[in-house]
Amino acid sequence: MVLSVTVPKDFHFNTESRIKAPASSNTSQKEVDFIHQLRQPSSPAKARKGATVPKPFNLSAGHKIRKEEPGSYVPMAQQIEQFQKRTPTRYHMRSCRTKERGPSPLKGHHLHLTQPHSPQLMTRQRSRPPTVKSSAELEAEELDKLQKFKIKALQLNKKILECAMEPKKPAVKEPTVAEGFELEIEKRLQERQVNKKPLNSEKPHSFKANPLPKKVLDGIVGLPEKKVTYPTVPESPAFALKKRVRMERKVEEIKPPSPVKAVSVPHFGIPFQPQLPESHHVEVCPFSFEQRDKERQALKEKRLAELQNEEVPQFKAQPLPDFNTVVLPEKKKPEPTKPEPFRLQIDERGAAKHRQWEEMVKEVQKQQEEAAIFKARPNTVTHKEPFRPKKENRMPPEYTDV
C-alpha cells in the first residue's frame, strides 16, 4: 500500500483579514467633556449589560510610538484655551491679579462692626443656691466678730503709784517622791512566798481502815466463777456476688487468611490486556438483641425463684451481762516525761567544723614533724672531677685610626 504525499497548505491568520485603520491625527485635538466623563461608571464592565463580545488580538500593532502626521496648524493660544475649557472650574487656581484687585465694587453692602450676642445656655435655667459667699458678706462677718470680742481695760491699781511693789516669791513645791514600778511578777513572787508551805509542817499520814463488807459475815465469799467463752464461729459475709451468674464469653471464630495468589508473568509476545479486579461479595448478617434479651429474662426468673426458696434466718438474742460483778479496767499510770536535750542544727554544724579544724591541725603538725627530721644527702663531691680552669681563646681588638 502506497501512502499519498502530504500537501502543504498556507496559514491563514485572522490578523490579515482585519482592516488596519489609519491613525487619525486630530484625535488628540478633540474636545473632551470632563464633567460628563466624571459621571460615567468607573469600570466599563459594570455599565454594559449582556454577553461579552470577544475581540481579536491586534498582533500586528507594534510597541513603537508613532509620530503624528502633520495636520492643520493650531496656534498656541488656541490650544491653551481648549485645555482650560476641558478642565472644570474647581481645579482652576486664582491668579495674583484677582487678589490685588480686592473685593468687587459691585457689592453694595459695606463692612460693619459685629454685634456680640450672649449665648442662651441651659445653665441659666438651672436653680442652684450660691455656695460661695461674696466679699461683702465676708466683711460683715468679720465686723460682727470684732464687735463681739472687744477689749475691756482693767482699773488702774493706785498702789503702784505710791510705792514700788516687790514681786511675790513663788511657792516652793515639794520634791517629787520616786515610786517603784508595780510589776506583776513581783506580786506573783510575794503570793508564792505566802502560800509556800514549810517542809517540816507536814502532818503524819493517819491510816483509816475501810469498813468490812457484810457478805463476808453471811457466808464464804471467794473468787467469782470464770465464764467459759465459746469460740466464735466464722461466717462468710452474704455478698451478692455469689448469686451472680457469669456469662460465658463467646469465642470468636478466627477465619483463616485468604491464600495469596501470585500474579502470572506477562507474555511479551501478546499485547498487554488489563484484568479487572475480582468482585468480592460482602455477606450481610442480621443485627438483633433478641437472643441476649431471652437469656437475660431466663436468668432473672431463675434468680427470683432462688430468692423465694431461701430460708428466712432465725433471730438469736445474746444473753444479758451479769450486773452483780463489775470488772473495771486497770488504771494506767502515765509515765513521767523524760526531758531530752534539744538537737539543733547549729550544734551539728559546729561539731562538724570543730572536727575539720582538728584534722587540719593534726595534718599541719604532721608536716612540721616530717620537715624537722634531718636526712643527710649522699656525698657526691668526692666522685666528681676537680675543677680545672680553661684558657680562653680571645682575639686582641683591632685599633683603627680615625
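**Phe 11 is exposed, with a relative accessibility of 70%.** Exposed means over 50% relative accessible area, buried under 20%, and partly exposed in between, with a 1.4 Å probe and protein chains only. This is a predicted model, in which local features need pLDDT of at least 70, side-chain atom pairs count only at pLDDT 80 or more, and totals for chains, interfaces and linings use all residues. Residues are numbered from 1 along each chain as its sequence is written, and side-chain values use heavy atoms, with hydrogens and water left out. Phe 13 is exposed as well, at 53% relative accessibility. How many aromatic pairs does the structure hold? The count is 1. Phe 11 and Phe 13 make a stacked pair, with 6.2 Å from centre to centre and 20° between the planes. Rings of Phe, Tyr and Trp (its six-membered ring) pair if their centres lie within 6.5 Å; planes under 30 degrees apart are stacked, over 60 edge-to-face, and the rest tilted.

**The whole chain is built of 11 helices and 0 strands.** Helices (H or I, at least four residues) and strands (E, at least two) are DSSP runs, numbered from the N terminus. The order from the N terminus is α-α-α-α-α-α-α-α-α-α-α. The chain has 402 residues, and 1% of them are buried. Its accessible surface is about 48900 Å² (Shrake-Rupley method, 1.4 Å probe; for residues, only the protein chains shown count as cover). Carbon and sulfur atoms hold 58% of that surface. Among contacts with a separation of 6 or more, 77% join residues 24 or more positions apart. A contact means heavy atoms within 4.5 Å.

**Glu 81 and Lys 85 pair within helix 4.** The structure holds 3 salt bridges, each a side-chain nitrogen of Lys or Arg within 4 Å of a carboxyl oxygen of Asp or Glu. Here the closest N and O atoms are 3.7 Å apart. Helix 4 covers residues 76–86, and the two partners sit 4 residues apart, about one turn of the helix. Glu 81 is partly exposed, at 42%. Lys 85 is exposed, at 61%.

**Lys 133 and Glu 141 form a salt bridge.** The closest N and O atoms are 2.8 Å apart. Side chains of opposite charge can pair when their charged atoms come close. Are the two partners buried or exposed, or in between? Glu 141 is partly exposed at 33% relative accessibility, and Lys 133 is partly exposed at 46%.

**Helix 6 spans residues 135–148.** Its 14 residues reach 20 Å from first C-alpha to last. How many of the 14 residues in helix 6 are buried? The count is 0, and helix 6 is hardly covered.

Glu 290 and Lys 294 are both exposed.

**Phe 181, Leu 183, Ile 185 and Leu 189 make a nonpolar surface patch.** The patch has an area of about 440 Å². Patches take residues with over 30% relative accessible area and no salt bridge; like charges are joined within 9 Å, nonpolar side chains (Val, Leu, Ile, Met, Phe, Trp, Tyr) within 5 Å. Ile 185 lies in helix 8, residues 184–195. With a relative accessible area of 48%, Ile 185 is partly exposed.

Definitions and conventions. The expected span of a helix is 1.5 Å times one less than its number of residues.
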